[in-house]
Amino acid sequence: EEFAKQKIAYPVMVKDQRFAFDDTGASTNDKAFVMPVDDLYLLGVLNSDPAWSAITELCSKLRGGFYELRDVHLSKVSIPDAPAADRDAIAELVQKCLYAKGVACEEWETEIDERVAALYGL
């Protein structure tokens, strides 16, 4: 049932941010995990550079520069409890990137990074 829902999906082993939004009902094998949430703000935070710094400090580092994104480590990542206006602004930027299918999104991604960094107090 969880796979049929909108969700954030991500591979077990990654070199960089690979959190993706799925609204197609796709399922995964044991090489990927899902968070059964429809939360573009969370997706933006997880893919941001500030959150990635925290993730790489918590997750196991493997050979070849890969990180193992296990729930036991990811659950320790602090997600800022942002005011609604900040959450909405970040979600809108993420939606723009999704509409653009990740093409020419650098400006929006930079703004997401800046907004998330401010939420972390960086």
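I'm calling a residue partly exposed when its relative accessible area falls between the 20% limit for buried and the 50% limit for exposed. With that settled, I opened the model, which is a predicted one.

**Entry 1**
I looked up Arg115 and got a relative accessible area of 30%, so I put it down as partly exposed. Its partner is Glu111: the two side chains meet in a salt bridge, 3.0 Å from N to O. Both sit in helix α5, four residues apart, which is about one turn of the helix. Glu111 has 29% relative accessibility, so I noted this one as partly exposed too.

**Entry 2: other salt bridges**
My count came to six salt bridges. One of them joins Arg87 and Asp39, with the closest N and O atoms 3.4 Å apart. Arg87 is in helix α4 and Asp39 is in the loop between β4 (32-35) and α1, so this pair ties together parts 48 residues apart in sequence. I found Arg87 partly exposed at 27% relative accessibility, and Asp39 partly exposed at 21%.
I also noted Glu68 with Arg70, where the closest N and O atoms are 3.0 Å apart. Arg70 is partly exposed, at 34% relative accessible area.

**Entry 3: the largest pocket**
I then went looking for open space. The largest pocket holds about 400 Å³. I got 17 lining residues, and the closest to the pocket's centre are Phe19, Leu43, Asn47, Cys97 and Glu109. Which elements give two or more residues to this lining? I wrote down β3 (20-22), α1 (40-46), α4 (84-99) and α5 (106-119). Sorted by type, the lining has eight nonpolar, five polar and four charged residues.

How values were computed
Residues are numbered from 1 along each chain as its sequence is written. This is a predicted model: local features need pLDDT of at least 70, side-chain atom pairs count only at pLDDT 80 or more; totals for chains, interfaces and linings use all residues. Side-chain values use heavy atoms; hydrogens and water are left out. On a 1 Å grid over the protein atoms alone, a cavity is a set of points where a 1.4 Å probe fits but cannot get out, and a pocket is an open set with protein on both sides within 12 Å along at least five of seven lines; lining residues have an atom within 4 Å of a point. Grid points are joined across faces, edges and corners, and a volume is the space filled by probe spheres set on the points. Ala, Val, Leu, Ile, Met, Phe, Trp, Tyr, Cys and Pro count as nonpolar, Asp, Glu, Lys and Arg as charged, and the others, Gly among them, as polar. A salt bridge is a side-chain nitrogen of Lys or Arg within 4 Å of a carboxyl oxygen of Asp or Glu. Buried means under 20% relative accessible area, exposed over 50%, partly exposed in between (1.4 Å probe, protein chains only).
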